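This report is written for a reader who is meeting this structure for the first time. Please keep the view at hand while going through the sections below.

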Amino acid sequence: MEYFEYVNQNPKPIQWSYTKVKMLEKFDTQNQYKLAA
């Protein structure tokens, strides 16, 4: 429990490296979805 107390007192943001673009490239084989950006 001490670990969780420490982590909750010192939170760090998660830096996601998997983007929406990468996900669509991998799973959208028919290009059904278009990005607005």
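## Exposure and the overall chain

A residue counts as exposed when its relative accessible area is over 50%, as buried when that area is under 20%, and as partly exposed in between. Tyrosine 3 has a relative accessibility of 56%, and because the cut-off for exposed is 50%, this residue counts as exposed.

The model shown here is a predicted one. Its protein chain has two helices and zero strands, and of its 37 residues, 5% count as buried. The accessible surface of the protein chain amounts to about 4300 Å², and carbon and sulfur atoms account for 57% of that surface.

## The start of the chain

Methionine 1 is placed in the segment before helix H1, which covers 2–9. With a relative accessible area of 74%, methionine 1 is exposed, and it contributes to a nonpolar surface patch of about 630 Å² that is made together with Tyr3, Phe4, Tyr6 and Val7.

Two members of this patch, Tyr3 and Phe4, also bring the discussion to aromatic rings. The count of aromatic pairs in the model comes to one. In that pair, the ring centres of tyrosine 3 and phenylalanine 4 are 5.4 Å apart and the ring planes stand at 70 degrees, so the pair is edge-to-face, a class that asks for planes over 60 degrees apart.

## Lysine 22 and helix H2

Lysine 22 is located in helix H2, made of residues 20–27. Its relative accessible area is 42%, which means that lysine 22 is partly exposed, since this value falls between the cut-offs of 20% and 50%.

Which backbone atom lies 3.1 Å from a polar atom of the side chain of lysine 22? The backbone oxygen of serine 17 is at that distance from the lysine 22 side-chain atom.

Terms used
Residues numbered from 1 in each chain as written. Predicted model: local features only at pLDDT ≥ 70, side-chain atom pairs only at ≥ 80, totals over all residues. Heavy atoms only, no water. Patch = residues over 30% accessible without salt bridge, like charges linked within 9 Å, V, L, I, M, F, W, Y side chains within 5 Å. Areas by Shrake-Rupley, 256 points an atom, 1.4 Å probe, with all protein chains shown as cover. Salt bridge = Lys/Arg side-chain N within 4 Å of Asp/Glu carboxyl O. Helix = DSSP H or I, 4+ residues; strand = E, 2+ residues; numbered from the N terminus. Buried < 20%, exposed > 50% of the residue type's maximum accessible area, 1.4 Å probe, protein only. Polar contact = N/O pair within 3.5 Å; in protein donor to acceptor, adjacent residues only side chain to side chain. Phe/Tyr/Trp six-rings, centres within 6.5 Å; stacked < 30°, edge-to-face > 60°.
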